[in-house]
Amino acid sequence: MNKIWESPNLISVVILLVVLAIAGGYVLFTVNRRPETESFTVDDDYYFPYNFDRLDRVVKLPNELAEISGLCRGFAPDEVFAVQDEKGTVFRVNSRSGELLQQITFDKDLDYEGIARKDNDMYVLEADGDIHYFAYQDTATEIPSTKLETSFSYRNDTEGICYDSVTNTLLIVPKAQELNPQGENEQRRGIYTYDLRQSALNPQPTYYIDELEVGQIVYNTNRPYVVNPSGIAVDPIMGDIFVLSAAGNVLVVIDRDSQIKHVELLEKGTFGQPEGIAFGANGDLYVSSEGRGGRGIIATLSRKGQPTTTDEQR
């Protein structure tokens, strides 16, 4: 036995294994202690008014919304409209309780990925880029929709839509291929505008998110961070654009010049597959996530005012 331990090669192997075990344990320890939610505010003049470490409320949704795929603001406080990606139905939901207040069948069951509202006009986005339009009625259970066709197709996999009151357009984001991909901009994720006055889609993106810029913010190196947009909303207070991506569990805030103002990494335990995002009229934020075998959820985040110098000193 003593002769075995006299072998320098064996001793070296044992020492190496011990060092690796200690290093592995340390890495595991630090990963477990690493906060799952991380915030990166890029613009020194920007205040991100939501705390994802302290969600105000998370409600589980009925089975009908296990595959919830889109949100938009409702008419009453604490109410939102939602769609799920397997039913031609719009759901009016109480965001405090998760209760379904109304269900409106508007078309046959297809792959619906987003919803937007301008006044009483409802717009539901199909994965192939078609927009299903109808005028909302608060007592209806069935309202046939009109299809507005766009230049998108299923290869683009459009997943997010919202109404932008600043430009009176619908903002649409494809998750997969860009509408007119260009080789030099492969890491840019386009945000397209659908003009409601002209009923026409701008074939070129009006805004964009650069994955390399997001990676530089998150990783602090020239490494792209994958952003496959799954939801979009416009901040009603500041006018900034919030883009949600289920891939990477990330929320990116940009201004009207496509400059990144904030990046938020979402906690995967709560947001298993975040695909819906909307604002209340008061600026409160709603984020929905599919259930992934369980029940879908809607999280509510109250808008926080920017702390004053006195508040920061307390």
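Which strands make up an open sheet of 4 strands with the order β7-β8-β9-β10, and in what sense do they pair? The strands named in that order pair in the antiparallel sense. Strands here are DSSP runs of E with at least two residues, numbered from the N terminus, while helices are runs of H or I with at least four residues. Two strands pair if DSSP finds at least two bridges between them.

Before we go on, a word on what you are looking at. This is a predicted model, in which local features need pLDDT of at least 70 and side-chain atom pairs count only at pLDDT 80 or more, while totals for chains, interfaces and linings use all residues. Residues are numbered from 1 along each chain as its sequence is written, and side-chain values use heavy atoms, with hydrogens and water left out.

β20 pairs with strand β21 (residues 285–289) over 5 bridges, in the antiparallel sense. Glycine 276 has serine 288 in β21 as its bridge partner.

Strand β20 also holds isoleucine 277. That residue is buried, with a relative accessible area of 3%; buried means under 20% relative accessible area, exposed over 50%, and partly exposed in between (1.4 Å probe, protein chains only). Although isoleucine 277 and leucine 71 are 206 residues apart along the chain, their C-alpha atoms are separated by 5.6 Å.

Two further strand pairs are worth a visit. Strand β16 has 6 of its 6 residues buried, so it is largely enclosed by the rest of the structure. β16 runs antiparallel to strand β17 (residues 241–245), and 5 bridges join them. Proline 229 has serine 245 as its bridge partner in β17. The hairpin of β16 and β17 has 6 residues between the strands, and there glycine 239 takes a positive phi near 85°. Elsewhere, strand β13 (residues 188–195) pairs with β15 over 4 bridges in the antiparallel sense, with isoleucine 191 opposite tyrosine 207 in β15. From strand β15 (residues 207–210), Tyr207 and Ile209 point one way, Tyr208 and Asp210 point the other way, and all are buried.

On a 1 Å grid over the protein atoms alone, a cavity is a set of points where a 1.4 Å probe fits but cannot get out, and a pocket is an open set with protein on both sides within 12 Å along at least five of seven lines; lining residues have an atom within 4 Å of a point. Grid points are joined across faces, edges and corners, and a volume is the space filled by probe spheres set on the points.

The largest pocket holds about 410 Å³ of space. Its lining has 22 residues, with Arg73, Arg117, Tyr163, Val234 and Phe279 nearest its centre. Two or more lining residues come from each of β3, β7, β11, β16 and β20, and β7 gives the largest share, 4 residues.

The largest cavity has a volume of about 50 Å³. Among the 15 residues that line it, Gly70, Leu71, Ile161, Gly231 and Glu275 are the closest to its centre.

The structure holds 0 disulfides, a disulfide being a pair of cysteine sulfur atoms within 2.5 Å. The sulfur of cysteine 162 is 10.0 Å from its closest cysteine sulfur, in cysteine 72, too far for a bond.
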